[in-house]
Amino acid sequence: MHELRLQCDTVQQILTGFIDNEVRKAGFERVVVGLSGGVDSSLAAFLAAEALGPHNVWGILMPYRTSNPESAAHAALVVKTLGIQSLSVDISPMVDAYFAACPDADHVRRGNKMARERMTILFDHSARLGGLVLGTSNKTELLLGYGTLYGDMASAVNPLGDLYKTQVRQLARHVKVPTVIVEKQPSADLWAGQTDEAELGFTYEEVDRVLYLLVDHRYEVADLVAEGFDERFVRAVHHKVQGSQYKRRLPVIAKVSSRTIDRDFRYPRDWGR
Amino acid sequence: MRRFRLAVAQIAPFLGDVEKNLALHEKMAREAISQSVNLLVFPELSLTGYFLKDQVPSVALKAVAPALEPLRSLSHRLAMVVGFVEEGPGHLFYNAAAYLEGGEIRHIHRKVYLPTYGIFDEQRYLAAGGRIRAFDTALGRAAILICEDLWHPATAGIAAWDGAEILLCPSASPGRGTGRDGPFQNARTWEQVIRAYGDLFTCFVVFANRVGYEDGACFWGGSEVVGPTGDSLAKARYLEEELLVVEVEAGALRRARVANPLLRDERLELTLRELRRIIRSREQEPTGAGGEP
């Protein structure tokens with residue numbers, strides 16, 4: 001794991017600089033971040049508060065009636081520690097109203113609906129408060145496709161997308177996110193008792209090592225097996241990365257014209273900024 | 001003993017906005033003039049920003065463009081190396097850097113090695129230069145090599161064998177790989193490369209890297225002036241804008257070349273002979289040792 005270790009001072013400087021730069025370039029001063037009480041959104045809020053000042057960060061709590069009460073308590077702890085602005089929107093009425101018409105919907109559909117409900121609330125408050133939506137998806141989740149497309153994966157600016165989960169924890173400790181948040185079991189909190197690691201079937205420590213070599217160091221599956229990694233595990237991880245590629249791209253566009261968006265019409269995202 | 005002041009404008013150019021960047025250049029130049037700087041080096045593509053993509057033709061300038069007049073005029077007061085997209089004959093676009101001195105452009109280097117791998121895509125948008133030349137300046141003989149050019153050691157060799165005493169290296173290096181010593185893995189490589197070149201080619205090296213963010217990529221700064229024994233004479237901060245100024249003494253170059261007469265002993269004929277042999281052998285087996293399947 002040694003190589004996954006971050007030089008936290010420098011990474012902190014790079015990420016706060018990134019938030020400040022990308023937010024201001026887009027003509028904004030504020031960000032809006034959904035606070036789940038977990039380590040990712042807590043770290044994002046800490047970095048944003050440092051980059052923009054606490055008064056420019058809005059933490060939005062969006063509990064559902066089955067959410068673990070600890071989640072809201074931890075989100076409130078982040079708000080209090082940082083002195084950022086906050087508000088809470090209960091998503092139970094909207095989500096329950098929708099599923100009243102289809103009561104047999106499974107966990108996955110309900111979880112996705114909640115994630116997308118929260119997204120619409122964040123973007124509404126983005127418009128109301130004049131702040132960009134700050135993304136909180138980390139590199140592990142993005143690579144595994146362990147997130148809801150147009151739900152928690154949606155944002156304007158994401159400071160954490162190139163940090164593996166274990167690196168998020170390192171940096172969170174470094175910037176003094178409360179220990180109780182850093183050390184608890186990660187959970188999407190979409191249903192009672194859910195934990196990421198139980199649902200994924202492996203620990204973040206394990207998968208981050210494989211992803212780091214596969215992605216950052218361009219190992220082939222065979223190279224990892226030769227290094228002593230379990231072949232079935234490595235293949236399963238590779239399969240997840242490959243299978244979720246569509247989630248990391250814009251929808252595929254049928255090419256008709258001489259210049260198609262994102263194909264041969266290529267401008268930087270910071271075009272004109 | 002003759003002394004002169006070298007400076008690096010470690011700036012964060014505005015992406016695709018030549019007008020704003022010209023104003024930034026003038027501001028930095030005036031600041032440098034107030035500190036009696038003789039030569040001010042700006043980073044790669046300092047007038048345009050780096051990840052331009054399809055904007056390349058929109059921001060390109062011909063070397064004679066009136067837009068460059070304010071900088072030409074300022075170059076009566078200090079010499080400058082300025083990075084821009086040059087529109088050459090046949091509407092080819094080059095990643096170029098100009099040496100301005102005494103009110104005119106004395107030399108233009110067009111980047112020879114256009115990286116097209118990893119996060120880079122330069123060959124898609126730009127034409128490659130075909131020359132590496134040293135040229136005479138008021139401060140001595142110099143050569144310009146742009147960023148990736150430096151990662152091909154032959155370029156620095158050619159510049160030195162052509163008489164360069166000062167290697168001018170405008171760069172736009174985005175940080176990659178979290179580093180243990182510097183901010184990024186590639187920053188450490190850069191620091192080793194420029195110090196080794198100073199040492200091996202017994203010349204001054206001025207590494208002018210930019211800072212700022214483009215599309216989430218972060219340019220790491222850390223601009224540096226290296227002396228002809230490989231010592232770091234001055235180094236700018238990582239990640240932050242800075243005008244790095246350092247006074248150097250021309251005599252250091254003579255002493256380094258007396259102590260280490262590496263350039264005197266260089267065997268160019270031998271190098272050329274071996275290069276011809278290597279090229280011939282590659283021509284004979286164009287598909288590599290295994291041949292075609």
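## Strand pairing in chain B

Two strands pair if DSSP finds at least two bridges between them. In this predicted model, strands β8 (residues 166-171) and β9 (residues 204-209) of chain B pair in the parallel sense, over six bridges. Within this pairing, B:L168 stands opposite B:V206 of β9(B).

## The six-stranded sheet of chain B

Strands β8 and β9 belong to an open sheet of six strands in chain B. Its order is β6-β7-β8-β9-β12-β13, and the pairing is mixed. The edges are taken by β6 (134-137) and β13 (232-235) of chain B. Each has a single partner strand, so one side of each is left without a neighbour in the sheet. From one strand to the next, the twist averages 20 degrees.

Helix α6 (residues 185-200) of chain B packs on this sheet. The helix touches β8, β9, β12 (224-226) and β13 of chain B. Its direction makes about 160 degrees with that of β9(B).

## The four-stranded sheet of chain A

Chain A has an open sheet of four strands, ordered β3-β2-β1-β4, with parallel pairing. Strands β3 (85-88) and β4 (131-133) of chain A are the edge strands, and each pairs on one side only. Neighbouring strands are turned against each other by 25 degrees on average, direction ignored.

In chain A, strand β1 (residues 30-34) and strand β2 (residues 57-61) run parallel and are joined by four bridges. One residue pair here is A:G34 with its bridge partner A:I60 in β2(A). Helix α5 (residues 107-129) of chain A packs on the sheet and touches β1, β2 and β4 of chain A. The direction of α5 makes about 160 degrees with that of β1(A).

## A loop glycine in chain B

B:G102 lies in the loop between β4 (92-101) and β5 (104-110) of chain B.

Neighbours within four places in sequence aside, B:G102 is in contact with B:S75 and B:H76. B:F4 is 98 residues away from B:G102 in sequence. In space, the two are 16 Å apart, C-alpha to C-alpha.

## Where the chains meet

How many residues of chain B are in contact with chain A? The contact involves 16 residues of chain B and 19 residues of chain A. On the chain B side, six residues are nonpolar, five polar and five charged.

How values were computed
Residues numbered from 1 in each chain as written. Chains lettered and ligands numbered in written order. Predicted model: local features only at pLDDT ≥ 70, side-chain atom pairs only at ≥ 80, totals over all residues. Helix = DSSP H or I, 4+ residues; strand = E, 2+ residues; numbered from the N terminus. Axes fitted to C-alpha atoms, helices over the stretch in contact; angles between N-to-C directions. Contact = placed C-beta atoms within 7 Å. Nonpolar A, V, L, I, M, F, W, Y, C, P; charged D, E, K, R; others polar.
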